[in-house]
Amino acid sequence: KDNWAKIKSLRTEGTIKAQGAEIKIISTQIDKKASRTDIALMGMNGYNILTTTEGWQFMPFQGQTKPEPMTADDVKTGQDELDIQDEFITYKQLGKKIENLGKDDVDGTECFKLKMIDKDGKETTYYLDPSNYFVIKETAKIKANGKEMENSSTYSNYKKTENGVFIAMNIGGGFGDMEITKIEINPKIDESIFKIAK
């Protein structure tokens with residue numbers, strides 16, 4: 001917990017392999033303030049930016065010709081992601097509740113199953129490996145185009161960083177499998193990257 005609290009900024013680099021393409025991802029974050037994800041695909045560069053008050057998205061490979069602002073709802077929903085610290089450390093101060101749902105099998109591992117409910121009623125279910133308490137699967141109920149859907153991610157290959165926190169280096173999800181290749185803890189970040197050129 002103390003080690004997580006010392007992380008004020010974070011930068012990770014990784015690659016996603018999806019449908020035969022390799023997508024380069026760089027995520028840059030200042031705790032509780034702003035995050036930016038840069039995406040390089042097919043020779044084009046896109047990004048997602050989120051701050052406490054606004055967000056922008058630019059995906060040229062999806063046909064966008066200029067950055068588009070996020071809706072107020074998307075900005076509000078994304079605020080939890082600005083917290084660098086682990087959800088299980090911050091859940092009380094963010095007004096979330098945890099329910100113990102017993103145990104459940106994930107690919108042959110009998111996991112602890114916990115449901116986290118945020119103050120807006122959004123539910124996320126976590127599956128924890130009982131041998132080390134790492135989250136190996138997470139399932140969230142999300143709303144997309146007015147419909148409720150389930151979105152699952154898997155986490156594996158946890159590595160201990162130089163400051164003593166564990167981060168999953170492999171993340172699987174509907175978008176493809178991501179491998180994190182580089183982690184920088186508390187890098188100096190130029191905050192102008194969270195603004196778009198007017």
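Tutor: A residue counts as buried when its relative accessible area is under 20%, as exposed when that area is over 50%, and as partly exposed in between. Please keep in mind that this is a predicted model. By this rule Tyr-126 is buried, because its relative accessible area is 4%.

Student: Is Phe-88 buried, exposed or partly exposed?

Tutor: Phe-88 has a relative accessible area of 25%, so it is partly exposed.

Student: How are Phe-88 and Tyr-126 arranged as an aromatic pair?

Tutor: A pair of aromatic rings is described by the distance of the centres and the angle of the planes. For Phe-88 and Tyr-126 the centres are 5.0 Å apart and the planes stand at 65°, an edge-to-face pair. Phe-88 belongs to helix H3 (residues 87–90) and Tyr-126 to strand E9, so the pair ties together parts that are 38 residues apart in sequence.

Student: How many aromatic pairs are there by this rule?

Tutor: The count comes to 5 aromatic pairs. Since Tyr-47 lies in strand E4 (residues 44–51) and Phe-58 in strand E5 (residues 55–58), the pair ties together parts that are 11 residues apart in sequence. Tyr-47 and Phe-58 are both buried. Elsewhere, ring pairs link Phe-134, Tyr-158 and Phe-166 into a cluster.

Student: Which charged residue lies over the face of Tyr-47?

Tutor: Arg-36 does, at 4.6 Å from the ring centre. A second case is Lys-137, which lies over the face of Tyr-127 at 5.4 Å from the ring centre.

Student: In which sense do E1 and E2 pair, and over how many bridges?

Tutor: Strand E1 (residues 9–18) and strand E2 (residues 21–30) pair in the antiparallel sense, over 10 bridges. Within this pairing Thr-15 stands opposite Lys-24 in E2. The two strands form a hairpin with 2 residues between them, and Gln-19 in the turn has a positive phi of about 50°.

Student: Where else does a residue other than glycine have a positive phi?

Tutor: Asp-107 has one, near 50°. Its place is in the loop between strand E7 (97–106) and E8, and at 79% relative accessibility Asp-107 counts as exposed. Asn-157 is a further case, with a positive phi of about 55° although it is not a glycine. Asn-157, however, is in strand E11 (residues 147–160), and its relative accessible area of 39% makes it partly exposed.

Student: Which residues have the most contacts inside the largest nonpolar core?

Tutor: In soluble globular proteins, nonpolar side chains tend to be buried together. The largest nonpolar core here has 20 residues, and those with the most contacts inside it are Ile-16, Ile-23, Ile-25 and Ile-39. Two or more residues come from each of E1, E2, E3, E8, strand E9 (123–128), strand E12 (166–173) and strand E13 (176–185). E12 gives the most, with 3 residues. Apart from this core lies another, of 9 residues, among them Ala-34, Ile-49, Ile-189 and Ile-196.

Student: What does Ile-25 touch, beyond residues up to four places away in sequence?

Tutor: Its contacts are Thr-12, Glu-13, Gly-14, Ile-16, Thr-37, Asp-38, Ile-39 and Met-178.

Student: Is Lys-115 buried or exposed?

Tutor: Lys-115 counts as buried, because its relative accessibility is 17%. Lys-115 lies in strand E8 (residues 109–117). Leaving aside neighbours within four places in sequence, Lys-115 is in contact with residues including Lys-97, Glu-99, Glu-123 and Thr-124.

Student: And where is Thr-124?

Tutor: Thr-124 is in strand E9, and its relative accessible area of 9% makes it buried. Beyond neighbours within four places in sequence, its contacts include Leu-114, Lys-115, Met-116 and Glu-138.

Note on methods. Residues are numbered from 1 along each chain as its sequence is written. This is a predicted model: local features need pLDDT of at least 70, side-chain atom pairs count only at pLDDT 80 or more; totals for chains, interfaces and linings use all residues. Side-chain values use heavy atoms; hydrogens and water are left out. Helices (H or I, at least four residues) and strands (E, at least two) are DSSP runs, numbered from the N terminus. Buried means under 20% relative accessible area, exposed over 50%, partly exposed in between (1.4 Å probe, protein chains only). Contact means heavy atoms within 4.5 Å. Two strands pair if DSSP finds at least two bridges between them. A nonpolar core is a set of buried Ala, Val, Leu, Ile, Met, Phe, Trp, Tyr and Cys residues joined through side-chain atoms within 4.5 Å. Rings of Phe, Tyr and Trp (its six-membered ring) pair if their centres lie within 6.5 Å; planes under 30 degrees apart count as stacked, over 60 as edge-to-face and the rest as tilted. A charge sits over a ring if NZ of Lys or CZ of Arg is within 6 Å of the ring centre and within 35 degrees of the ring normal.
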